Amino acid sequence: MVKRDNADSVGDDMPKQQARARDVLGHYRAIGPPGAFGAAMIERDLREAEEAMASGDIVRIVRAYAALKEIK
């Protein structure tokens, strides 16, 4: 398998996506009550990502990774 120089694997990029999601979560929390639903959804996705990584289930990891990448 050829790895591109600028390409990260899911395992390499997952911690970066988790950190980015935590940063976005802080913004949702700062909004106050209007951001509560969004914050809850991000917390759910972060929890799932942590559990997926701990489980070692690659399908679950990829799904959690995709969910984190969608957080805006």
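Helix α1 passes helix α3 in a left-handed crossing, where left-handed means that the near helix is turned anticlockwise from the far one by less than a right angle, and right-handed means clockwise. The model here is predicted, with local features needing pLDDT of at least 70 and side-chain atom pairs pLDDT 80 or more, while totals for chains, interfaces and linings use all residues. Residues are numbered from 1 along each chain as its sequence is written, and side-chain values use heavy atoms, with hydrogens and water left out.

Let's stay with this pair for a moment. The axes of α1 and α3 (residues 58–69) lie 9 Å apart, at an angle of about 40 degrees; axes are lines fitted to C-alpha atoms, for helices over the stretch in contact, and angles run from 0 to 180 degrees between N-to-C directions. The two helices α1 and α3 are therefore oblique to each other, given that angles under 35 degrees count as roughly parallel, over 145 as roughly antiparallel, 65 to 115 as roughly perpendicular and the rest as oblique. On the α1 side, the contact (heavy atoms within 4.5 Å) is made by Val-10, Asp-13, Met-14, Gln-17, Gln-18, Arg-20 and Ala-21, and α3 brings Ile-61, Ala-64, Tyr-65, Leu-68 and Lys-69.

Gln-17 deserves a look of its own. This α1 residue is buried, with a relative accessible area of 11%, where buried means under 20%, exposed over 50% and partly exposed in between (1.4 Å probe, protein chains only). Beyond its neighbours within four places in sequence, Gln-17 contacts Tyr-65, Leu-68 and Lys-69. Leu-68, counted without residues up to four places away, touches Gln-17 and also reaches residues including Met-14, Ala-21, Asp-45, Leu-46 and Ala-49.

Now turn to the other partner of α1. Helix α1 (residues 10–31) and helix α2 (residues 36–55) have axes that come within 9 Å and cross at roughly 160 degrees, so α1 and α2 are roughly antiparallel. Their crossing is left-handed. Among the residues making this contact are Met-14, Ala-21, Leu-25 and Tyr-28 of α1, with Ala-39, Ile-42, Leu-46 and Met-53 of α2.

Technical notes: Helix = DSSP H or I, 4+ residues; strand = E, 2+ residues; numbered from the N terminus.
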